[in-house]
2 protein chains.
Amino acid sequence: MIIDCHGHYTTAPGALHEFRDAQLAALRDPNAAPAAASPRISDDEIRDSLEKAQLKLQRERGSDLTIFSPRASAMGHHLGNEATSMQWARACNDLIYRVCQLYPENFVGVCQLPQSPGVAPAHSAAELERCVRELGFVGCNLNPDPSGGHWTSPPLSDRQWYPLYQKMVELDVPAMVHVSASCNPNFHATGAHYLNADTTAFMQFLTSDLFKDFPTLRFIIPHGGGAVPYHWGRYRGLAQDLKRPPLEELLKNIYFDTCVYHLPGIELLFKVVPAENILFGSEMLGAVRGIDVRTGQYYDDTKRYVDALALGEADRQRVYSANARRVYPRLDALLKKTGR
Amino acid sequence: MIIDCHGHYTTAPGALHEFRDAQLAALRDPNAAPAAASPRISDDEIRDSLEKAQLKLQRERGSDLTIFSPRASAMGHHLGNEATSMQWARACNDLIYRVCQLYPENFVGVCQLPQSPGVAPAHSAAELERCVRELGFVGCNLNPDPSGGHWTSPPLSDRQWYPLYQKMVELDVPAMVHVSASCNPNFHATGAHYLNADTTAFMQFLTSDLFKDFPTLRFIIPHGGGAVPYHWGRYRGLAQDLKRPPLEELLKNIYFDTCVYHLPGIELLFKVVPAENILFGSEMLGAVRGIDVRTGQYYDDTKRYVDALALGEADRQRVYSANARRVYPRLDALLKKTGR
């Protein structure tokens with residue numbers, strides 16, 4: 001079984017975007033507010049949006065199940081206020097729930113949090129709990145920079161985040177550290193902001209005692225960990241210079257996905273990070289959608305790169321499914337229920 | 001001949017720091033201002049600060065010449081105002097000049113610019129010109145984020161930077177893109193801010209037509225290019241999706257150093273980036289000063305990693321000296337003058 005830990009609903013029906021547009025327009029003109037609390041989308045529209053996209057690629061590339069969340073770049077936590085983010089997160093999460101109901105074999109939900117700059121992360125705990133307990137979701141995407149590229153929130157090690165972590169621990173769900181769009185013209189979203197956030201989060205974890213306070217808290221750092229594996233020696237050296245525990249300690253709580261879009265990068269990832277800490281992921285259809293003219297294959301078909309590695313069968317199975325089932329215990333429980 | 005393109009005067013005598021402390025104190029209390037326009041440092045103090053540090057390591061590790069600039073983390077462009085940065089840059093650059101006068105065989109100067117948040121980069125052109133024409137420097141360090149982690153300046157592709165680029169082109173000197181300390185608690189300086197800035201700058205270049213306007217402008221992106229080589233496939237795919245030229249075009253103007261502190265990272269760098277675009281660098285004594293217990297060697301002894309690669313002699317010579325002489329033509333001219 002092959003689990004893709006990193007998929008966003010980037011092909012959601014147009015009505016979702018119209019809903020969001022109306023919601024944002026209403027910030028200036030209350031008359032523009034969406035007509036209903038959620039967008040009107042039929043089951044057929046959902047099927048159509050997936051059959052020709054994610055489901056087609058699952059079949060073609062040979063993955064079985066995608067851990068699926070709302071489109072990250074559209075979370076837009078910096079837009080509007082807490083109420084805006086709450087309504088938008090609920091609408092997006094409810095849509096993911098419908099996807100998972102329509103295709104329970106293919107998708108398992110991870111939720112968007114209703115974060116908003118300056119609002120305590122504790123306020124996101126209720127939506128997380130709703131998604132996990134009522135909608136059967138198995139994790140969340142946590143935005144370390146709800147300001148959208150201005151980085152005005154405290155680091156992930158700050159106690160402000162603790163009530164949300166408490167809820168994650170209570171529910172036994174991990175978070176993928178994932179920023180949204182950037183409204184800072186310095187940062188291209190998928191070409192800079194995403195990778196910077198991954199790198200930043202890792203260093204925040206490295207320099208804090210967060211995991212002493214929450215020994216079972218788990219984070220997935222996506223996009224292959226940003227710059228981290230490439231600079232593994234730098235981080236080993238920094239940990240040593242700063243008298244922090246060796247990186248092996250961090251790896252009890254931190255995992256990386258395989259969203260690295262070329263073979264040399266994937267090779268490096270597996271050279272420096274233990275296979276126990278790598279979860280297969282592609283982010284398809286996401287940041288990079290083209291076909292590499294050199295190989296004739298999609299850049300984001302990361303399974304090809306992993307398959308090209310000389311991995312032992314045990315490691316391959318870890319990366320493709322066992323690690324995901326361990327990091328997302330609620331996914332494991334769901335799968336076991338249906339004999340998978 | 002082995003040229004290290006990335007060295008900062010991190011071991012400068014204490015009087016330099018006292019000068020800076022007084023300068024910053026004077027921002028609140030004019031009576032605290034430094035007694036003179038520059039710190040009082042004897043030649044012997046300079047010799048002492050280098051003989052047991054950079055010069056010792058040059059000898060031990062087998063490099064010949066370091067392209068040497070003021071300590072990057074101490075540039076602190078976000079502190080004080082334009083006058084503060086101007087006085088501080090001049091003091092630091094003058095000290096580098098003295099180093100280069102004392103050890104002309106071992107050091108060639110690169111200057112700190114007197115940048116300040118909200119101040120047009122054009123205001124840095126005069127100090128660049130002074131350093132190049134009067135002090136014999138061969139390049140500059142350019143801070144893409146003088147706010148120190150708040151990223152409030154326009155991207156490097158913005159026309160605001162053009163007068164400074166004009167001066168760089170006129171003087172035929174490159175810039176190393178190098179941020180300073182971070183005053184944003186999200187970003188650890190050497191563990192996040194530095195690498196993020198490298199990644200960010202590359203994507204700013206990728207998405208702009210800067211090098212159409214300045215075909216001979218040259219940048220070195222340090223720390224092995226941040227996250228870029230590890231995500232080379234992502235950048236190739238993004239360039240393609242965004243209908244930008246292939247990365248090979250960018251490589252006419254952009255170079256990476258070898259400040260990557262483990263062999264797998266260096267291997268990756270050389271796998272994806274042509275040897276023509278890689279300049280040997282170590283940043284010793286810099287971000288990571290420890291000895292790796294696994295190898296018994298300094299993390300930042302990057303020459304060991306490069307030496308461990310199966311490079312052809314021509315590529316080795318490019319990386320160790322020819323590229324630096326090409327990217328810094330004034331260095332080449334200086335060396336030729338003394339028959340090197």
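This is a predicted model: local features need pLDDT of at least 70, side-chain atom pairs count only at pLDDT 80 or more; totals for chains, interfaces and linings use all residues.
**Helices and sheets in chains A and B**

The buried ones are Trp232(B), Gly233(B), Arg234(B), Tyr235(B), Arg236(B), Gly237(B), Leu238(B) and Ala239(B). Their cover comes from both chains. Chain A puts in helix 7 (189-206), while the cover from chain B includes its own helix 7 (189-206), helix 10 (247-250), strand 8 (254-257) and helix 11 (263-272).

Strand 8 of chain B leads on to a sheet. Here six strands of chain B line up in the order 4-5-6-7-8-9, forming an open sheet with parallel pairing. Strand 4 (111-112) and strand 9 (278-279) of chain B are the edge strands, and each of them pairs on one side only. At the strand 9 end, strand 8 and strand 9 of chain B are joined in the parallel sense over two bridges. Phe256(B) has Ile278(B), in strand 9 of chain B, as its bridge partner. Helix 6 (residues 162-171) of chain B packs on this sheet, where it touches strand 5 (140-142), strand 6 (175-177) and strand 7 (219-221) of chain B. The direction of helix 6 makes about 160° with that of strand 5 of chain B.

Elsewhere in chain B, strand 1 (residues 3-9) is tucked away: seven of its seven residues are buried, so the rest of the structure largely encloses this strand. Strand 1 of chain B pairs with strand 2 (residues 65-70) of chain B in the parallel sense, over five bridges. Within that strand 2, Pro70(B) is the residue that stands opposite Tyr9(B).

Chain B also has a helix pair to look at. Helix 4 (residues 82-102) and helix 5 (residues 125-134) of chain B bring their axes within 11 Å of each other, crossing at roughly 15°. That angle makes helix 4 of chain B roughly parallel to helix 5 of chain B. The crossing of these two chain B helices is right-handed. On the helix 4 side, the contact is made by Ala89(B), Arg90(B), Asn93(B), Asp94(B) and Tyr97(B); helix 5 of chain B brings Glu127(B), Arg130(B), Cys131(B) and Glu134(B). Sorted by type, the residues of this contact come out as five charged, three nonpolar and one polar.

Over in chain A, three strands make an open sheet in the order 1-2-3, again with parallel pairing. Strand 1 (3-9) and strand 3 (107-109) of chain A have a single partner strand each, so one side of each edge strand is left without a neighbour in the sheet. On average, neighbouring strands of this sheet are turned by 35° against each other, direction ignored. Three bridges hold the parallel pairing of strand 2 (residues 65-70) with strand 3 of chain A. One bridge links Thr66(A) to Phe107(A) in strand 3 of chain A. Helix 4 (residues 82-102) of chain A lies across strand 1, strand 2 and strand 3 of chain A, running at about 160° to strand 2.

Another helix pair in chain A is made of helix 2 (residues 43-51) and helix 3 (residues 54-61), which pack at an angle of about 40° with their axes 4 Å apart. From helix 2 of chain A, Ser49(A), Leu50(A) and Glu51(A) meet Gln54(A), Leu55(A), Lys56(A) and Arg59(A) of helix 3 of chain A. This contact divides into three charged, two polar and two nonpolar residues.

Note on methods
Residues are numbered from 1 along each chain as its sequence is written. Chains are lettered from A and ligands numbered from 1 in the order in which they are written. Side-chain values use heavy atoms; hydrogens and water are left out. Two strands pair if DSSP finds at least two bridges between them. Axes are lines fitted to C-alpha atoms, for helices over the stretch in contact, and angles run from 0 to 180 degrees between N-to-C directions. Contact means heavy atoms within 4.5 Å. Angles under 35 degrees count as roughly parallel, over 145 as roughly antiparallel, 65 to 115 as roughly perpendicular and the rest as oblique. A crossing is left-handed if the near helix is turned anticlockwise from the far one by less than a right angle, and right-handed if clockwise. Ala, Val, Leu, Ile, Met, Phe, Trp, Tyr, Cys and Pro count as nonpolar, Asp, Glu, Lys and Arg as charged, and the others, Gly among them, as polar. Buried means under 20% relative accessible area, exposed over 50%, partly exposed in between (1.4 Å probe, protein chains only).
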